[in-house]
Amino acid sequence: VTLVESGGGLVQAGGSLRLSCVCSWNILTIDLMAWYRQAPGRQREMVAGITSGGSTTYADSVEGRFAISRDNAKNTVYLQMNSLQPEDTAVYYCHARAGASYWGQGTQVTVSS
């Protein structure tokens, strides 16, 4: 499984970004697609996930601001991030759980105050 993220960048507080993750496999065959993030000096944490059945889960810190979705025809998972805050600054990684774990290369999101 190869995962390629895009959509990161620099945004002011209160702004929005949409991240994309293109998967080399049919995402309907993948148990869980998720977005993680890792800020400097901190552990990687899961931000949002979506199962093959369409169930979603979110970290408390992003509930109501972020939304994970997918386009099955494009084998792509998205993370819509609204009301971004400086504490959202991190490298965001796409993750796929399909027996083994697979990671993308990450995309930097920087939120300025």
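Tutor: One term before we start: two strands count as paired if DSSP finds at least two bridges between them. Also keep in mind that this is a predicted model.

Student: Okay. What's the strand order in the open sheet of four strands?
Tutor: The order is β1-β3-β8-β7, and the pairing is antiparallel. The edge strands there are β1 and β7 (66-71), each of which pairs on one side only. From one strand to the next, the twist averages 15°.

Student: How many bridges hold β1 and β3 together?
Tutor: Four bridges, with β1 and β3 (residues 17-23) pairing in the antiparallel sense. To find the spot on screen, look for Leu3, whose bridge partner in β3 is Cys23.

Student: Let's zoom in on Glu5. Where is it?
Tutor: Glu5 is in strand β1, which covers residues 3-6.

Student: And what's the nearest side chain of opposite charge to Glu5?
Tutor: That's Arg44, 7.6 Å away. A salt bridge needs the side-chain nitrogen within 4 Å of the carboxyl oxygen. Glu5 has no salt bridge, yet it is buried.

Student: So which backbone nitrogens does the Glu5 side chain reach?
Tutor: One is the backbone nitrogen of Gln105, at 3.0 Å. Another is that of Gly106, at 2.9 Å.

Student: What else does Glu5 touch?
Tutor: Leaving out residues up to four places away in sequence, its contacts include Ser20, Cys21, Trp35, Tyr92, Tyr93 and Cys94. Gly104 and Thr107 are also among them, along with Gln105 and Gly106 again.

Student: Cys21 was in that list. Is Cys21 buried or exposed?
Tutor: Cys21 is buried, because its relative accessible area is 0%. You'll find Cys21 in strand β3.

Student: What does Cys21 touch, then?
Tutor: Not counting residues up to four places away in sequence, Cys21 touches Leu3, Val4 and Glu5, plus Met33, Trp35, Asn75, Thr76, Val77 and Cys94. Take Val77: it is 56 residues from Cys21 along the chain, but their C-alpha atoms are separated by 5.1 Å.

Student: Switching topics. How many salt bridges does the structure hold?
Tutor: Three. As background, side chains of opposite charge can pair when their charged atoms come close.

Student: Which residue does Arg37 meet at 2.7 Å?
Tutor: Glu45, with that distance running N to O in a salt bridge. Arg37 counts as buried because its relative accessible area is 7%, whereas Glu45 is partly exposed, at 30%.

Student: And what does Asp88 do with Arg37?
Tutor: The side chains of Asp88 and Arg37 meet in a salt bridge too, at 2.9 Å, N to O. This pair links distant parts of the chain, 51 residues apart: Asp88 is in the loop between β8 (76-81) and β9 (90-98), and Arg37 is in strand β4 (residues 32-38). Both Asp88 and Arg37 are buried.

Student: What about Arg65, who's its partner?
Tutor: Arg65 meets Asp88 in a salt bridge at 2.8 Å, N to O. That pair also links distant parts of the chain, 23 residues apart, with Arg65 in the loop between β6 (56-58) and β7 and Asp88 in the loop between β8 and β9. Both Arg65 and Asp88 are buried. Through shared partners, salt bridges join Arg37, Glu45, Arg65 and Asp88 into one network.

Student: Nice. Now β9: why is it described as largely enclosed by the rest of the structure?
Tutor: Because seven of its nine residues are buried.

Student: Which strands does β9 pair with?
Tutor: Among them is β4, joined to β9 by seven bridges and running antiparallel. One place to look is Gln38, whose bridge partner in β9 is Val91. β9 also pairs in the antiparallel sense with β11 (residues 107-112), over three bridges, and there Ala90 stands opposite Val109. Then there's β10 (residues 100-103), which is antiparallel to β9 and joined to it by four bridges. In that pairing, Ala98 stands opposite Ala100.

Student: Last one: what's going on with Gly99 in the hairpin of β9 and β10?
Tutor: Gly99 takes a positive phi near 80°, in a hairpin that has one residue between the strands.

Methods. Residues are numbered from 1 along each chain as its sequence is written. This is a predicted model: local features need pLDDT of at least 70, side-chain atom pairs count only at pLDDT 80 or more; totals for chains, interfaces and linings use all residues. Side-chain values use heavy atoms; hydrogens and water are left out. Helices (H or I, at least four residues) and strands (E, at least two) are DSSP runs, numbered from the N terminus. Buried means under 20% relative accessible area, exposed over 50%, partly exposed in between (1.4 Å probe, protein chains only). Lys and Arg count as positive and Asp and Glu as negative; His and the chain ends are not counted. A polar contact is a pair of N or O atoms within 3.5 Å; within protein, one must be able to donate a hydrogen and the other to accept it, and residues adjacent in sequence count only if both atoms are side-chain atoms. Contact means heavy atoms within 4.5 Å. Axes are lines fitted to C-alpha atoms, for helices over the stretch in contact, and angles run from 0 to 180 degrees between N-to-C directions.
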